[in-house]
Each structure stands twice: as structure tokens, then as C-alpha cells.
Amino acid sequence: MKVMMIFDQTQAGLGGKESPDLPMGGKPMAIGSCGMFQRFMDQNDGKVIATLWCGDGTFKEDPEKNAKKFAAMAKKFQPDVVICGPCFNYAGYGLMAAKTALTINELVGIPAFAIMSKECEQAIEEYKDKVTILKMPKKGGTGLNEALSEMCKFAKMLIDKEDTTAFKAEHAY
């Protein structure tokens with residue numbers, strides 16, 4: 001399974017919340033926080049083939065245009081699935097992830113989804129009926145490994161075109 005990740009500046013390892021203006025970029029490899037879920041990718045025959053990033057402040061300046069740029073990059077890299085997150089409880093990242101997943105689904109047809117904690121309530125409210133948003137704990141919360149494992153399992157289910165109805169009922173908003 002070829003996976004493309006969409007990260008904010010923090011998850012990409014290119015700055016913290018003090019760097020919301022990080023320009024969009026990408027690398028054809030796993031970077032940043034990919035290491036924290038690599039073993040779950042391995043268990044699902046997954047490999048991160050590209051990591052794209054954008055500061056959540058930069059994204060917020062023109063969400064429509066920036067989501068379309070991510071979609072164009074997804075088309076270029078041709079992953080089997082796109083994971084937008086894990087966003088933890090970062091609200092700006094949550095909005096970026098949900099909007100980007102929806103845009104990729106609509107424009108490119110590559111399955112894409114987001115994963116965030118309940119603290120990203122604006123993104124969840126606005127997008128949960130339009131795109132799959134998986135549940136995860138906030139930063140420092142319990143259950144992170146389980147959520148990351150489920151994230152990778154869900155990606156594999158999408159690629160294998162399995163029925164995800166029961167999975168989403170349990171693990172999505």
C-alpha cells in the first residue's frame with residue numbers, strides 16, 4: 001500500500017505553533033512524525049511514499065487554492081491512499097486536513113481521510129458528513145497507539161475496497 005501523508009508544520013518536524021506561515025512543500029519519503037506509526041504501516045504492508053506539508057496559517061490564507069495544490073500533488077505522486085493527519089488537538093491543522101481530504105476525494109479520486117481529536121470541533125462539525133474523520137486522542141492523551149493502528153488498518157481497508165461501514169461507526173465521528 002502506497003501512502004501519502006499530509007502534515008502541518010509541527011507533524012512535518014519543520015517548526016511548532018510559532019511557525020504557522022511555513023510554505024507548502026513535500027518530499028518523496030516519510031519524514032517528521034511518520035516514525036511514530038511506522039510499525040502499524042508495516043503491519044498493513046504500507047509504505048509512506050511522500051509527505052506533503054503546509055503551515056496551518058499558510059493554508060488558512062486560501063484553503064480552496066491550497067487544498068487544490070495538495071490534490072494536484074496527490075495526482076502526481078499517485079499513492080493508493082492519502083492520510084491527512086494525525087492532527088491531535090490542533091484546530092487549524094484539523095481544518096486543513098478535513099478540507100484537503102475532501103478536495104482530494106472530489107478532484108483526484110484517490111481515497112483520502114483525516115484523523116483528529118474531538119477538540120478539533122469546528123473541522124469535525126463542518127466536514128464529518130462529507131469526508132471520513134477518524135477519532136484519536138489529543139496530544140498527551142491515552143489511546144494514541146490504538147488510534148494510529150486503526151488509522152493504518154482503515155487505509156488498508158480503503159485500498160482493498162472493503163466495506164468500512166462498521167469500522168466507521170466505531171472509529172469515526
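Strands β4 (81-84) and β5 (112-116) pair in the parallel sense over 3 bridges. Strands and helices here are DSSP runs numbered from the N terminus, with strands (E) of at least two residues and helices (H or I) of at least four. Two strands count as paired if DSSP finds at least two bridges between them. Within this pairing, C84 stands opposite A114, and V82 stands opposite A112. The model is a predicted one, in which local features need pLDDT of at least 70, side-chain atom pairs count only at pLDDT 80 or more, and totals for chains, interfaces and linings use all residues. Residues are numbered from 1 along each chain as its sequence is written, and side-chain values use heavy atoms, with hydrogens and water left out.

**The sheet**

The open sheet is formed by 6 strands in the order β2-β3-β1-β4-β5-β6, with mixed pairing. β2 (25-27) and β6 stand at its edges with a single partner strand each, so one side of each has no neighbour in the sheet. From one strand to the next, the twist averages 25 degrees. Strands of a sheet pair through backbone hydrogen bonds, in either the parallel or the antiparallel sense. The pairings described in this report are set out below.

| Strand pair | Sense | Bridges |
|---|---|---|
| β2 and β3 | antiparallel | 3 bridges |
| β1 and β3 | parallel | 6 bridges |
| β1 and β4 | parallel | 4 bridges |
| β4 and β5 | parallel | 3 bridges |

**Burial of the strands**

Burial is judged by relative accessible area (1.4 Å probe, protein chains only): buried means under 20%, exposed over 50%, and partly exposed in between. In β5, 5 of the 5 residues are buried, so this strand is largely enclosed by the rest of the structure. Both of its faces are covered, with A112, A114 and M116 buried on one side and F113 and I115 buried on the other. β4 is likewise covered on both faces: V81 and I83 are buried on one side, V82 and C84 on the other. β3 (residues 47-53) has 6 of its 7 residues buried, so it too is largely enclosed by the rest of the structure.

**Helices on the sheet**

Contact means heavy atoms within 4.5 Å. Helix α4 packs on the sheet and touches β1 (2-7), β4, β5 and β6; its direction makes about 165 degrees with that of β5. Helix α6 (residues 144-159) lies across β4, β5 and β6, and runs at about 170 degrees to β5. For these angles, axes are lines fitted to C-alpha atoms, for helices over the stretch in contact, and values run from 0 to 180 degrees between N-to-C directions.

L102 is found in helix α4 and is buried, with a relative accessible area of 11%. Residues up to four places away in sequence not being counted, L102 touches Y127, K130 and V131. The C-alpha atoms of L102 and I115, 13 residues apart along the chain, are separated by 13 Å.

T132 lies in the loop between α5 and β6 (133-135). T132 is also buried, with a relative accessible area of 16%. Leaving aside neighbours within four places in sequence, T132 is in contact with F113, A114, F154, K168 and A172.

**The largest pocket**

On a 1 Å grid over the protein atoms alone, a pocket is an open set of points with protein on both sides within 12 Å along at least five of seven lines, and lining residues have an atom within 4 Å of a point. Grid points are joined across faces, edges and corners, and the volume is the space filled by probe spheres set on the points. The largest pocket has a volume of about 190 Å³. The residues that line the largest pocket are D56, F59, K60, P63, G92, L95, M96, K99, Q122, E126 and Y127. The elements giving two or more residues to this lining are α2 (56-61), α4 (91-107) and α5 (121-127), and α4 gives the most, with 4 residues. By class, the lining has 5 nonpolar, 2 polar and 4 charged residues. In this classification, Ala, Val, Leu, Ile, Met, Phe, Trp, Tyr, Cys and Pro count as nonpolar, Asp, Glu, Lys and Arg as charged, and the others, Gly among them, as polar.

Notes. On a 1 Å grid over the protein atoms alone, a cavity is a set of points where a 1.4 Å probe fits but cannot get out, and a pocket is an open set with protein on both sides within 12 Å along at least five of seven lines; lining residues have an atom within 4 Å of a point.
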